[in-house]
Amino acid sequence: MLKKRKLGRTIREIQPGEKLVFQAAIEDKDLLLYLGLTDDANPLYIQHDYASQTPLGKPIVPTVMLTGMITSAVSKYLPGPGSYITRQDLRFLRPVYHYETLEFLLEVAEVDEAGHCVTLNVTATRGAETVLDGTLSVCPPHALPRFDGRVLENF
């Protein structure tokens, strides 16, 4: 039997000013999984000889991979399981290179109970340097009604 996963926090349980900080290391296995899954063979992501001849100097991490790290944090932690992103506006300010570790900050900027939406400000830094910033609109999980014996009457 599958264990029912606990849902994240509902709109009423989230307050402006709440923060989530996490670190993510960019490893070869993660890059290879991404590239294999998407069939993205951009030489700027994987070919050291090509990338070394560009102004970037070495291979970079695909920006959509960084977006995936943010999406994962929304799904796992803030607001958590059962939530989904309805809008994103991200700016990639600096390239991110293989083997770097980034620190991400997600902060609740606004809670709109009527529209069932939370606005999160997002930044990612490498040391003191900001490499990514933006905002997300997120729909937190909806409070589900309690189950009772009548739920199974239609089965």
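The model is predicted: local features need pLDDT of at least 70, side-chain atom pairs count only at pLDDT 80 or more, and totals for chains, interfaces and linings use all residues. Residues are numbered from 1 along each chain as its sequence is written, and side-chain values use heavy atoms, with hydrogens and water left out. Five strands form an open sheet, and helix H4 packs on that sheet. Helices (H or I, at least four residues) and strands (E, at least two) are DSSP runs, numbered from the N terminus.

**The sheet**

- The strand order in the open sheet is E1-E3-E4-E5-E2, and the pairing is antiparallel. Two strands count as paired if DSSP finds at least two bridges between them.
- E1 and E2 are the edge strands, as each pairs on one side only.
- From one strand to the next, the twist averages 20°. Axes are lines fitted to C-alpha atoms, for helices over the stretch in contact, and angles run from 0 to 180 degrees between N-to-C directions.
- E1 and E3 run antiparallel and are joined by seven bridges.
- Within this pairing, Ala 24 stands opposite Leu 102 in E3.
- H4 touches E1, E2, E3, E4 and E5, and its direction makes about 140° with that of E2. Contact means heavy atoms within 4.5 Å.

**Helix H4**

- H4 covers residues 63-76, which is 14 residues. The expected span of a helix is 1.5 Å times one less than its number of residues.
- For H4 that span is 20 Å, and the end C-alpha atoms are 20 Å apart, which agrees.
- The buried residues of H4 are Met 65, Leu 66, Thr 67, Met 69, Ile 70, Ala 73 and Val 74. Buried means under 20% relative accessible area, exposed means over 50%, and partly exposed lies in between (1.4 Å probe, protein chains only).
- An α-helix has 3.6 residues a turn, so residues three or four places apart point the same way.
- The cover over the buried residues of H4 includes helix H1 (28-38), strand E1 (19-25) and strand E2 (84-92). Strands E3 (101-112), E4 (117-126) and E5 (129-139) are also among the covering elements.

**Salt bridges**

- The whole structure holds seven salt bridges. A salt bridge is a side-chain nitrogen of Lys or Arg within 4 Å of a carboxyl oxygen of Asp or Glu.
- Lys 29 and Asp 30 meet in one of them, at 3.0 Å from N to O. Lys 29 is exposed at a relative accessible area of 55%, whereas Asp 30 is partly exposed at 23%.
- Asp 133 and Arg 91 form another, with the closest N and O atoms 2.9 Å apart. Asp 133 lies in strand E5 and Arg 91 in strand E2, so the pair ties together parts that are 42 residues apart in sequence.
- Asp 133 is buried, with a relative accessible area of 18%, but Arg 91 is partly exposed, with 48%.
- Glu 100 forms a salt bridge with Arg 126, and their closest N and O atoms are 2.8 Å apart. Glu 100 sits in the loop between E2 and E3 and Arg 126 in strand E4, so the pair ties together parts that are 26 residues apart in sequence.
- Glu 100 is buried at 16% relative accessible area, and Arg 126 is buried at 18%.
- A network of salt bridges links Arg 94, Glu 100, Arg 126 and Glu 129.

**Tyr 50**

- Tyr 50 lies in helix H3, which covers residues 48-51.
- Tyr 50 counts as partly exposed, with a relative accessibility of 40%.
- Leaving out residues up to four places away in sequence, Tyr 50 touches Pro 43 and Leu 44.
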